[in-house]
Amino acid sequence: MFIIMMKKIFYQLTFIFFLFFQSFYLFFLRLPQIFTVEGATLLNASDTLSNSRLSYRAGVATGAANGSVVTIDSSGNADNNTNHLFPNDNVCFAGPNLDGCYQQTNYTVASIINTTTFNISPPLASTPLGVNDYVIASQSAIHSIQFTLINTIPANGNILITIPAIDITGQTNDCFPDTNSTIASNGFDLCGLGTTNIAISSSGCNNNWTVAAVTAGDATNDHTIRIDRNTNSCAAGSTITVTVGDTNRRLINPAPITSSHAQGVADIYTINVRTRDGGNNTLDQANIRTAVIEGVLVSANIEETLSLTIAGESAGIAACGQTTDVTTYPYAVPWGTIANFGAFQEASQLITVSTNAVSGYTVRIDENDQMGRNGNVCTGANAGEAQNCIRDTTCNTSCSESTSDDWTSTTSYGFGYSLQNVSGSDAIFLYNESSRTFSARQIPDLEAGETAQTIMSRNTPAASSQVRVCYRLNISTTQPAGYYFNKVRFTASATF
Amino acid sequence: MKKIIKMLFDSFLIIVAFFLVSSAPTSAQQSLPLVVYPAKIQLEVSPGEKTGVTINFLNQSEIPLSGYFRIADFIVINNKGTPEIIESKEMANNRYTASSWFSSLYDRGTIPANEKLSFLTYITVPKDATAGGRYVAIYFEPTPELTQPKTGAEKATAISTRIASLVYIKVKGDIKEEAKITQFFASNFQEYGPVKVVTEILNLGNYHITPQAKLTLINPFGKVIDEQKLTPLNIFPERSRVYENELGKKWLIGRYQVKLTGTYGEKNLPLSANVYLWVFPWKVAIIIILAIIILILLVRHFLTQSPQKEKELLTLLEREKKEIERLKRMINKNE
């Protein structure tokens with residue numbers, strides 16, 4: 001009985017000791033270690049890329065010597081079509097060992113012909129591309145990594161950033177975008193980025209940091225960046241921003257993975273950020289998911305357009321320093337019945353031109369003939385009353401279709417016109433040029449073999465240039481009665 | 001009673017409506033807005049090829065527009081790039097014409113209000129067409145309307161408009177590319193900058209060119225102080241184009257070089273020219289030199305004249321002292 005009792009007590013004590021040591025180990029040895037290693041999660045951790053576009057990497061199928069057309073392989077590479085290659089992308093044709101660009105030259109994508117063919121500029125040199133070459137359009141980005149501390153980083157602490165690198169030694173830092181079969185084995189190329197290409201700023205503590213080391217990854221390790229704390233601690237709640245890359249050096253975005261990548265769906269890589277104490281024990285950490293995805297080409301084709309508006313104007317308005325007598329229409333200047341001989345009759349129309357043509361525009365004027373009675377042909381440039389014509393004016397002294405003169409004398413008869421800028425300064429001559437009152441010209445008479453003359457022009461695009469065309473008619477008392485008319489024509493076109 | 005009120009109300013509305021309609025403005029401000037696109041189009045064809053081109057004419061007015069569609073050759077008549085539509089086939093220089101290659105199903109039509117009409121033309125390039133440029137304008141000309149005269153003594157001017165699209169055709173083959181700078185002028189001497197440069201490039205080829213060139217202003221020490229690109233303008237075959245540029249700022253001094261370097265044509269043939277000029281703000285320089293001379297003279301005057309006067313005064317003072325002493329002695333002697 002006693003022995004049985006002793007055995008029972010022994011077993012109970014053994015069990016109690018077992019429980020005690022288990023609990024001791026768990027609470028006093030194991031748990032602190034777990035907490036120390038994992039730390040807390042950094043708050044608001046993010047990585048903002050200045051360019052989140054995937055790099056482009058395709059295989060060359062053909063690229064003839066001196067040619068500008070390149071065809072890519074349609075399978076077996078990170079990119080197997082030209083969907084993610086855009087006009088004006090810079091491309092490098094790299095050899096199978098990724099040991100430099102063809103002719104040490106970057107080419108520009110001139111246009112995309114189809115899903116496997118594109119044009120480049122300038123053309124290739126006298127050596128054709130090889131079938132094992134690559135077409136590479138690198139995309140690089142500055143990473144802005146930001147986070148808020150949960151725990152204080154002591155004065156001798158540091159920040160360790162781990163950036164995924166491809167699991168192939170020799171390819172992690174060669175400035176060519178990397179690709180592999182899975183995201184886990186792929187990553188960003190370091191492209192020679194060093195400590196001087198990394199900047200750090202902190203809000204909530206003094207900016208006492210030193211970028212101590214940048215270590216390129218290899219087949220088993222990812223890239224790491226270590227930033228040491230100096231002088232004093234950085235308090236919990238401080239927000240740290242690490243800018244990885246600058247105008248000189250940037251991380252090269254990976255190309256799409258070679259299996260299971262769907263265009264338009266991001267490849268998501270994980271960047272680890274951790275803060276550590278002086279013994280490199282983790283204080284806080286966060287895994288930041290960074291997405292890189294194909295770019296979207298947004299394009300629009302804008303046609304060169306030319307717009308011409310001719311508008312009639314009411315009688316009684318001020319035009320070229322005169323007051324108009326006749327209401328005009330886009331199609332006609334109906335002078336009506338004129339019984340007021342030896343007096344100027346004024347009329348005007350407004351011409352508006354808009355164009356986005358880079359070379360600008362011109363508007364030219366001509367008339368089929370001088371004004372003839374009942375459509376009578378007025379042969380020659382000087383047909384007048386004797387030929388039943390209202391001749392084109394000669395102004396006060398002498399004017400033609402290409403030279404102007406003041407026309408103030410009511411004893412000078414005929415038909416002429418002048419111009420006034422309303423919006424812009426596109427008129428070829430002006431009614432008040434050379435201190436004149438009404439500087440006028442003849443309208444070029446096609447019947448007399450004269451050629452159309454430019455009345456407004458511009459050698460740059462025009463938003464809305466407006467010129468008023470002011471017509472003037474002065475009839476002598478001896479002009480034979482009748483219905484006189486002619487046809488004035490405006491021709492608008494882009495400048496060559 | 002209600003009926004009477006309703007009648008009165010209806011009558012009032014009719015009267016108001018009548019006055020509103022009768023006082024509405026006439027169609028004097030009526031306008032005719034037309035748009036053409038593309039304003040310019042460039043085609044590349046092979047001898048014997050059949051192709052087509054569509055030009056869109058947009059009537060932005062509230063009324064339908066009837067008129068003619070025409071295909072005509074054009075040339076450039078001056079060094080400003082002004083196109084002139086060739087009205088008659090006799091006037092055409094066959095070398096650059098192609099309107100006879102064009103055909104269309106119709107030559108007149110009506111563009112509905114606020115609608116566009118796409119005018120489709122077919123091009124049949126002759127098998128023996130020589131390589132080079134051909135230039136055609138396709139335009140729409142609304143039919144002008146003149147109202148019938150109310151009396152036999154009326155006068156009227158019908159107005160018509162033409163809006164044209166320019167078609168540049170390149171016939172593939174051995175195209176002659178040749179151009180030269182016929183004028184590269186900057187005044188030998190300028191008082192102030194900027195340096196005004198006039199460049200004229202003549203296209204001696206049989207296809208239009210668009211030179212890509214830049215002007216560089218180099219100071220007396222060989223340093224580039226300004227660069228400007230020539231506006232990329234088209235130059236019609238056998239025509240020239242004038243460019244006017246201003247380089248540098250107002251204050252320049254010394255002998256400057258203006259250099260033009262560029263290329264033209266599909267073979268990127270070179271273009272280059274040089275001109276030297278002096279810039280010297282001589283009026284300002286004269287004023288500064290005169291001011292310096294005056295300053296020197298003044299300083300010299302003060303430096304030379306003051307000690308002399310001081311010496312003279314001291315001599316005078318000494319003389320006066322002696323005179324006083326002499327007078328004192330005379331007085332003492334008299335006493």
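This is a predicted model: local features need pLDDT of at least 70, side-chain atom pairs count only at pLDDT 80 or more; totals for chains, interfaces and linings use all residues.
In chain B, five strands make up an open sheet, ordered β12-β18-β17-β14-β15, with mixed pairing. Strands here are DSSP runs of E, at least two residues long, numbered from the N terminus; two of them pair if DSSP finds at least two bridges between them. The edges of this sheet are β12 (189–190) and β15 (224–229) of chain B, each of which pairs on one side only.

One of the residues concerned is B:Tyr256, whose bridge partner in β18(B) is B:Leu277.

Residues are numbered from 1 along each chain as its sequence is written, and chains are lettered from A, and ligands numbered from 1, in the order in which they are written.

I turn now to the interface. Here 45 residues of chain B are in contact with 52 residues of chain A, contact being C-beta atoms, placed from the backbone, within 7 Å. On the chain B side, β1 (31–37), β5 (83–85) and β10 (154–171) each supply at least two residues. Which strand gives the most to that side? It is β10(B), with 12 residues.

β10(B) also crosses the chain boundary by pairing: nine bridges join it to β32 (residues 484–494) of chain A, and the two run parallel. There, A:Val488 has B:Ile159 as its bridge partner.

Definitions and conventions. Two residues are in contact if their C-beta atoms, placed from the backbone, lie within 7 Å. Helices (H or I, at least four residues) and strands (E, at least two) are DSSP runs, numbered from the N terminus.
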